[in-house]
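Subject: A structure for you to explore

Hello! Here is the structure I promised to pass on. Have a look at it, and then read on for what was found in it.

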Amino acid sequence: MQRIQFYPSTELANILNEEAQSKGVSVSTYVSDLLEDYYGMKKNGISITRLTVAVLKEVEKYIATLPPNVPFDLNKASKTFREIDMTCGKKPQTVRASIGRAFSAKLGNGAFSNVRKYQDKNGKNILSVNNALMYEIYQWKNNKTNKEI
């Protein structure tokens, strides 16, 4: 894949950053999806941006049903994530990795404010049988009483 550099105006950069962030993707992915759409290059009709939005919504619904401290991965939390096929000429593994990075960037914020990476007692990330990062819902603790809220 080729890297192309461009210098948008401050106003355009702000719009691109805001839109990409709201959809949970990088500006690069968002701009690529916009340009592929503009030039009619979508091979199977769905962009990585749309896939990311769909997966994040499914994960948000899934975690709403989970009690604290139950580990999960994106494969378990999202049917869309499990069923990703070739997209925009990219392999499913590449697309899943991109969506995983987008999800990780959302941890601790918004709908995912109480989600963190699942780790062992030494702080090492625990992986699923698919070799994917695991996550968990956690409850905040009151610093004064050290009790969960």
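The accessible surface of the protein comes to about 10,300 Å², and carbon and sulfur atoms hold 50% of that area. Accessible areas come from the Shrake-Rupley method with a 1.4 Å probe, and for residues only the protein chains shown count as cover. Please keep in mind that this is a predicted model, where local features need pLDDT of at least 70, side-chain atom pairs count only at pLDDT 80 or more, and totals for chains, interfaces and linings use all residues. Residues are numbered from 1 along each chain as its sequence is written, and side-chain values use heavy atoms, with hydrogens and water left out.

Now for the overall layout. The protein has six helices and two strands, in the order α-α-α-α-α-α-β-β from the N terminus. Helices (H or I, at least four residues) and strands (E, at least two) are DSSP runs, numbered from the N terminus. Of the 149 residues, 31% are buried. Buried means under 20% relative accessible area, exposed means over 50%, and partly exposed is in between (1.4 Å probe, protein chains only). Among the contacts (heavy atoms within 4.5 Å) with a separation of 6 or more, 48% join residues 24 or more positions apart.

The expected span is 1.5 Å times one less than the number of residues in the helix. Which residues of α2 are buried? They are Thr29, Tyr30, Val31, Asp33 and Glu36, and they pack against α1 (10-23), α3 (48-63) and α6 (92-106). Just after α2 comes Gly40, with a positive phi of about 65°.

Leaving aside neighbours within four places in sequence, Thr29 is in contact with Ile48, Thr49 and Ser98. Thr29 and Thr49 are 20 residues apart in sequence, and their C-alpha atoms are 7.0 Å apart in space. The side chain of Thr29 also makes a polar contact with the side chain of Ser26, at 3.0 Å. A polar contact is a pair of N or O atoms within 3.5 Å; within protein, one must be able to donate a hydrogen and the other to accept it, and residues adjacent in sequence count only if both atoms are side-chain atoms.

Ser98 is buried because its relative accessible area is 16%. With neighbours within four places in sequence left out, Ser98 is in contact with Thr29 and Ile48. Helix α6 has 15 residues and spans 21 Å from its first C-alpha to its last, close to the 21 Å expected at 1.5 Å a residue. Its buried residues are Val95, Ser98, Ile99, Gly100, Ala102 and Phe103, and their cover includes α2, α3, α4, α5 (79-82), β1 and β2. After α6 comes Gly108, where phi is positive, near 85°.

Next, the aromatic rings. How many aromatic pairs does the structure hold? There are five. Rings of Phe, Tyr and Trp (its six-membered ring) pair if their centres lie within 6.5 Å; planes under 30 degrees apart count as stacked, over 60 as edge-to-face and the rest as tilted. The rings of Tyr38 and Tyr39 have centres 4.9 Å apart and planes at 90°, so this pair is edge-to-face. Tyr38 is exposed at 65% relative accessible area, and Tyr39 is exposed at 58%. Phe103 and Phe112 also form an edge-to-face pair, with 5.1 Å between centres and 80° between planes, and both Phe103 and Phe112 are buried. Tyr62, Phe72, Phe103, Phe112 and Tyr135 form one aromatic cluster.

Finally, find two loop residues. Asn69, in the loop between α3 and α4 (74-77), has a positive phi of about 65° although it is not a glycine. Asn69 is partly exposed, at 43% relative accessible area. Asn131 lies in the loop between β1 (115-117) and β2 (135-137), and its phi is positive too, near 70°. At 59% relative accessibility, Asn131 counts as exposed.

Enjoy exploring!
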